[in-house]
Amino acid sequence: MPEESRSGLAPLSRRSLLQRVAGVAGAATILCAPPSLATGAPKISQKAVAYQDHPDGNKRCDKCIQFQPPNACKIVDGTISPQGSCRIFAPIRQAVSPSSATPRLSNSACSRMVSRSS
Ligand code: SF4
């Protein structure tokens, strides 16, 4: 009786064994890679974005949405100074505080509106 029918499993050929080993090795490589490689997004060179280690007016890396403290960038390669800047600077959006979200009237303006309506 053949081996296959006794165990219920197909015999492992050399080819299928090598394919399985390669698959496991590939998965391990992906899982152990740094985040930028694991996501498949290589970083851009500093030269390509004209990175400089000083601010460009109000544009500073530590005010950019891509900055990763203490000295890295999500999309630009290499060491990034918090005081640096580049052509693809994207400002961090400021959270809107409840007091600034709703316009408020001064007491005198409010009193004038009440007096006009009555
Ligand atoms: S300005 Fe922003 S995108 Fe450019 S290097 Fe600095 S953190 Fe990265």
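The structure is a predicted model, in which the chain has a mean pLDDT of 73 and 47% of its residues reach 70 or more. The chain contains five helices and two strands, and 9% of its 118 residues count as buried.

**Overall layout**

- Read from the N terminus, the elements follow the order α-α-α-β-β-α-α, with strand S1 covering residues 67–68 and strand S2 covering residues 72–73.
- Among the contacts in the chain with a separation of 6 or more, 61% are between residues 24 or more positions apart.

**Confidence along the chain**

- Although the mean pLDDT of the chain is 73, the value is below 50 over residues 1–5, a stretch that has five contacts in the model beyond near neighbours in sequence.
- Residues 23–33 also have a pLDDT under 50, and the model gives this stretch two contacts beyond four places in sequence.

**The ligand and the nonpolar core**

- The ligand is surrounded by 15 residues, and the closest of them are Cys-61, Cys-64, Gln-66, Cys-73 and Cys-86.
- The shell around the ligand is made up of 12 nonpolar residues and three polar ones, with no charged residue among them.
- The largest nonpolar core has nine residues, including Tyr-51, Phe-67, Val-76, Ile-80 and Phe-89.
- Cys-61, Cys-64, Cys-73 and Cys-86 belong to this largest nonpolar core, and these four cysteines are also listed with the residues closest to the ligand.
- Cys-86 is in contact with Val-49, Ala-50, Tyr-51 and Val-76, once its neighbours within four places in sequence are left aside.

**Backbone details**

- The peptide bond that leads from Pro-69 to Pro-70 is cis, with an omega near 5°, and Pro-70 is found in the loop between S1 and S2.
- Ala-50 has a phi near 55°, which is a positive value in a residue other than glycine, and its place is in the loop between helix H3, residues 35–38, and S1.
- Ala-50 counts as exposed because 11 other C-beta atoms lie within 10 Å, and the limit for an exposed residue is 12 or fewer.

**Other residues in the loop between H3 and S1**

- Gln-46 lies in this loop and is partly exposed, because the 18 other C-beta atoms within 10 Å fall between the limit of 12 or fewer for exposed residues and that of 20 or more for buried ones.
- Although Gln-46 and Val-76 are 30 residues apart in sequence, their C-alpha atoms are 6.1 Å apart in space, and Gln-46 is in contact with Tyr-51, Val-76, Asp-77 and Gly-78 when neighbours within four places in sequence are set aside.
- Lys-47, which is found in the loop between H3 and S1, is exposed, with 9 other C-beta atoms within 10 Å.
- The C-alpha atom of Lys-47 is separated by 9.4 Å from that of Val-76, which is 29 residues away along the chain.
- Asp-53 is placed in the loop between H3 and S1, where it is partly exposed, with 13 other C-beta atoms within 10 Å.
- Asp-53 and Pro-82 are 29 residues apart along the chain, with 8.3 Å between their C-alpha atoms, and Asp-53 touches Ser-81, Gln-83 and Gly-84, not counting residues up to four places away in sequence.

Conventions: Residues numbered from 1 in each chain as written. Predicted model: local features only at pLDDT ≥ 70, side-chain atom pairs only at ≥ 80, totals over all residues. Near = placed C-beta within 6 Å. Nonpolar A, V, L, I, M, F, W, Y, C, P; charged D, E, K, R; others polar. Helix = DSSP H or I, 4+ residues; strand = E, 2+ residues; numbered from the N terminus. Core = buried A, V, L, I, M, F, W, Y, C linked by C-beta atoms within 7 Å. Contact = placed C-beta atoms within 7 Å. pLDDT = per-residue confidence, 0-100.
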